[in-house]
Amino acid sequence: MSRPLRSVGCMSGTSCDGVDAVLVEVCERAGAPLDTEARVIGGASVDLGGLGERLLAFSRGGALAAGEIAELRDRLSDAHVRAIREVGDGCDVVAAHGQTVFHGRATPDARGGRTWQLCEPARGARASGVPVLADLRSGDVAAGGQGAPITPIADRVLFGSHAPCAVVNLGGFCNATLLGGDGSVAGFDVCPCNQLLDAGARRWLGAKFDTGGAVAGAGRADAGESARLRGAWADAAGRSLGSGDERLDVLTRLESMGVGDRLATLCDAIGRAIGERVGGVPVFVAGGGARNAALVRASERRCAGAVSSTAVVGVDAVWREGACMAVLGGLTLRGEAATLAGVTGCAAPAPIAGSWTLPPGGGWRVVRAGGDDVG
């Protein structure tokens with residue numbers, strides 16, 4: 001086996017609060033992605049500050065001129081560069097997911113799917129001196145898929161030795177990967193998560209979020225409202241609550257309660273949704289919501305299997321999505337698809353997705369298992 005590939009994965013989530021860069025060593029054991037092993041070396045995060053607020057407004061439909069969009073893209077890409085420099089010394093490749101500013105679902109007849117991850121990979125390639133992979137979802141969408149979830153194959157690489165289990169991302173939107181003991185991989189969206197909790201915190205607390213879930217933890221969930229919310233999410237056809245007005249409607253319905261009870265009810269509804277979707281397997285949680293103790297406790301109450309952080313199996317909960325991007329970069333480099341047809345609904349076989357941007361001076365030489373060079 002050749003030396004491990006050192007891949008940096010970059011991710012900025014739906015909250016638009018920062019860019020994470022995670023360095024991973026990817027080891028190819030055989031010729032298939034499920035035989036790949038990976039080890040997280042470290043990570044760094046760059047706060048987006050006011051830029052994040054502008055990105056969030058744009059992703060919610062705010063109108064911008066072309067020049068303003070280009071400025072946002074370049075400033076976001078510069079934040080990626082700063083994060084990469086903190087962790088990427090000596091890396092071979094970078095996989096930059098970019099900021100999702102639009103994601104529309106494809107229809108059953110494979111029309112209408114659109115996705116846009118804002119990123120300028122050329123800036124990253126110039127600064128790092130290595131190839132940068134971007135636009136990881138578009139190939140799947142072009143093949144009739146939803147382009148999401150995109151992490152299940154990477155979750156299999158990172159957490160497959162602990163199967164059967166579920167890997168649950170408590171991000172802006174909650175999604176999950178189910179890893180079977182037989183090597184099977186499934187992935188799906190679950191329900192709105194931090195996008196709704198943070199909207200409540202902004203409205204009721206005047207804060208960006210409920211730090212540590214302290215206010216929710218002091219409240220008591222209303223079981224009836226929790227069940228109603230879960231039922232509404234189960235019936236929803238789309239990937240989110242939809243418009244901002246719908247989110248506000250959800251929050252308004254809870255305002256006869258105390259503030260702590262409102263947030264506790266939202267946490268309980270999310271926990272219900274997770275428990276119903278993942279079944280009785282052990283659950284490893286990651287994402288920003290893993291730092292919300294009230295949300296984690298609600299998940300523990302509602303899930304039949306034990307709930308713990310991905311940190312207990314070697315992947316810091318904050319770095320899991322960036323680590324997944326790093327793994328997908330390694331797999332794509334060797335010609336493997338980053339998505340699964342059975343998960344995203346794209347035409348089989350899933351396409352080799354993403355676009356590579358080379359650094360100044362030309363190509364690259366990365367030694368693959370067996371001694372062959374890529375480049």
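**Salt bridges and a cavity in a predicted model**

Asp268 counts as buried, with a relative accessibility of 3%, where buried stands for under 20% relative accessible area, exposed for over 50% and partly exposed for what lies in between, with a 1.4 Å probe and protein chains only. This is a predicted model, in which local features need pLDDT of at least 70 and side-chain atom pairs count only at pLDDT 80 or more, while totals for chains, interfaces and linings use all residues. Residues are numbered from 1 along each chain as its sequence is written, and side-chain values use heavy atoms, with hydrogens and water left out.

The side chain of Asp268 meets that of Arg302 in a salt bridge, at 2.9 Å from N to O; the term stands for a side-chain nitrogen of Lys or Arg within 4 Å of a carboxyl oxygen of Asp or Glu. This pair links distant parts of the chain, since Asp268 sits in helix α10 (residues 259-278) and Arg302 in helix α11 (residues 293-302), 34 residues apart. Helices here are DSSP runs of H or I with at least four residues, strands are runs of E with at least two, and both are numbered from the N terminus. Arg302, at 34% relative accessibility, is partly exposed.

Across the whole structure, a search finds 17 salt bridges. In one of them the side chains of Glu225 and Arg253 meet at 3.5 Å, N to O; Glu225 belongs to helix α8 (residues 223-235) and Arg253 to helix α9 (residues 244-253), so the pair ties together parts that are 28 residues apart in sequence. Glu225 is buried at 17% relative accessibility, whereas Arg253, with a relative accessible area of 39%, is partly exposed. Salt bridges also link Arg73, Asp74, Asp78, Glu120 and Arg123 in a network.

A cavity is a set of points, on a 1 Å grid over the protein atoms alone, where a 1.4 Å probe fits but cannot get out, and its lining residues have an atom within 4 Å of a point. The second largest cavity has a volume of about 50 Å³, the volume being the space filled by probe spheres set on the points, which are joined across faces, edges and corners. The largest share of its lining, four residues, comes from α2.

Methods
1 Å grid on protein atoms, 1.4 Å probe; cavity = no way out; pocket = protein on both sides within 12 Å on 5 of 7 lines; lining within 4 Å.
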